[in-house]
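Keep the viewer open and follow the stops in order.

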Amino acid sequence: MKKIALYDRNLLDNDEILKLHSERIESIKEGIANDGNELIGEFYDKCSGHVPLDERPEYSRLYQLCNSGDVDELYIVTISRLSRELRTVAQMCREMHEM
């Protein structure tokens, strides 16, 4: 059984998009359970995509959990919502891969 964490950054104000986004999260959580894995945490930052990783409180909590070895896999709800800046996405991938 893998220990899985879920991360997303969003600042959605469109009800239709928010509903679709919520459905995507529920689908991911269902898939984790169906595969016999454990969802050990959900981390959601409500901020602009321009906010650096070190200024996102939920990402910081997730980072500490991953750094301590308590996460086997990290699921990103929607990669396009992670950041508006490719360097931020690359930074996150490097950081998580190193752990």
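## A residue on the outside: His97

Let's begin in helix α4, which spans residues 86-98 and includes His97. Please bear in mind that the model is predicted. Is His97 buried or exposed? Its relative accessible area is 70%, and because the cut-off for exposed is over 50%, His97 counts as exposed.

His97 and Ser27 lie 70 residues apart in sequence, and their C-alpha atoms are 25 Å apart in space.

## A residue on the inside: Thr88

Helix α4 also holds Thr88. Here the relative accessible area is 9%, and since buried means under 20%, Thr88 is buried. Which residues does Thr88 touch, once its neighbours within four places in sequence are left aside? They are Leu53, Arg56 and Ser83.

## The sheet

Now turn to the strands. Three of them make an open sheet, ordered β2-β1-β3, with parallel pairing. At the edges sit β2 (38-45) and β3 (73-76), each of which pairs on one side only. On average, neighbouring strands of this sheet are turned by 20 degrees against each other, direction ignored.

Strand β1 covers residues 3-9 and runs parallel to β2, with seven bridges joining the two. One place to look is Asp8, whose bridge partner in β2 is Tyr44.

Helix α1 (residues 15-34) touches β1, β2 and β3, and its direction makes about 160 degrees with that of β2. Helix α2 (residues 57-67) also touches β1, β2 and β3, with a direction at about 150 degrees to that of β2.

Helix α2 deserves a view down its axis. Its buried residues are Glu58, Tyr59, Leu62 and Cys66. As background, an α-helix has 3.6 residues a turn, so residues three or four places apart point the same way.

What do the buried residues of α2 pack against? Their partners are β1, β2, β3 and α4. On the face turned away from the buried side, α2 carries the exposed residues Pro57 and Gln64. After α2 comes Gly69, which has a positive phi near 85 degrees.

Notes: Residues numbered from 1 in each chain as written. Predicted model: local features only at pLDDT ≥ 70, side-chain atom pairs only at ≥ 80, totals over all residues. Heavy atoms only, no water. Pairing = 2+ DSSP bridges. Helix = DSSP H or I, 4+ residues; strand = E, 2+ residues; numbered from the N terminus. Axes fitted to C-alpha atoms, helices over the stretch in contact; angles between N-to-C directions. Contact = heavy atoms within 4.5 Å. Buried < 20%, exposed > 50% of the residue type's maximum accessible area, 1.4 Å probe, protein only.
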